[in-house]
Amino acid sequence: MKRILLACSSGMSTSLLVSKMKEVAEVRGIEAEIWAVAQDKAPTEMEHADVLLIGPQMRFMKKKFTAVAEKVGIPIEVIDPVAYGRIDGEAVLNKALQLMDK
């Protein structure tokens, strides 16, 4: 089971992206738990995730989140703004899987 956490400003703007990622994972037969939270909940939710993807509007938070991510041992990356804007669930899922395989 892959556990993919997305963080955004309020936790709502990524909900459509999460839905698209879940659809792609299901079609590809990938068991994944994918969820989004607001930035203030991300540090505690990271303990339950295999990777953290940050919404592009929050790229300034990467440094803060990196310290927590290193403690819990998960990779972290900012979501590509084009993929985010297009709600490209496949591209974002592929990035998450790639980060987990490093």
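Trainee: What should I know about the model before reading any values?

Mentor: This is a predicted model, in which local features need pLDDT of at least 70 and side-chain atom pairs count only at pLDDT 80 or more, while totals for chains, interfaces and linings use all residues. Residues are numbered from 1 along each chain as its sequence is written, and side-chain values use heavy atoms, with hydrogens and water left out.

Trainee: How many helices and strands does the protein have, and what makes a stretch count as one of them?

Mentor: Helices are DSSP runs of H or I with at least four residues, strands are DSSP runs of E with at least two, and both are numbered from the N terminus. The protein has five helices and four strands, and from the N terminus on they follow the order β-α-β-α-β-α-β-α-α.

Trainee: How do you know whether the radius of gyration agrees with that of a compact globule?

Mentor: The radius is taken over C-alpha atoms, and the globule rule is 2.2 Å times the number of residues to the power 0.38. For 102 residues a compact globule would have a radius near 13 Å, and the protein has 12 Å, so the two agree. The C-alpha trace spans about 35 × 25 × 20 Å along its principal axes.

Trainee: Why is Thr-14 called buried?

Mentor: Buried means under 20% relative accessible area, exposed means over 50%, and partly exposed lies in between, with a 1.4 Å probe and protein chains only. Thr-14 has 0% relative accessibility, and therefore counts as buried. This residue sits in the loop between β1 (2–8) and α1 (15–27), and, leaving aside neighbours within four places in sequence, Thr-14 is in contact (heavy atoms within 4.5 Å) with Leu-6, Cys-8, Ala-36 and Tyr-84. Of the 102 residues of the protein, 41% count as buried.

Trainee: What makes Lys-2 partly exposed, and which residues does Lys-2 touch?

Mentor: The relative accessible area of Lys-2 is 31%, and Lys-2 is therefore partly exposed. Lys-2 is found in strand β1, and its contacts, not counting residues up to four places away in sequence, include Ile-30, Glu-31, Asp-50 and Leu-97. Lys-2 and Leu-97 are 95 residues apart in sequence, while their C-alpha atoms are 8.2 Å apart in space.

Trainee: Why is β1 described as largely enclosed by the rest of the structure?

Mentor: Five of the seven residues of β1 are buried, so the strand is largely enclosed by the rest of the structure.

Trainee: How do you know that β1 pairs with β2 and with β3?

Mentor: Two strands pair if DSSP finds at least two bridges between them. β1 and β2 (residues 32–38) have seven bridges in the parallel sense, and four bridges join β1 to β3 (residues 51–54), again in parallel. Ile-4 stands opposite Ile-34 in β2 and opposite Val-51 in β3. Three bridges also join β3 to β4 (residues 76–78), which run parallel, and the bridge partner of Leu-53 in β4 is Glu-77.

Trainee: Which residues of β3 point one way and which the other?

Mentor: Val-51 and Leu-53 point one way from β3, whereas Leu-52 and Ile-54 point the other way, and all are buried. In a regular strand the side chains alternate between the two faces of the sheet.

Trainee: What makes the phi of Ile-87 worth a look?

Mentor: Phi of Ile-87 is near 50°, a positive value in a residue other than glycine. Most residues other than glycine have a negative phi. Ile-87 is found in the loop between α4 (81–85) and α5 (89–101), and at 28% relative accessibility Ile-87 counts as partly exposed.
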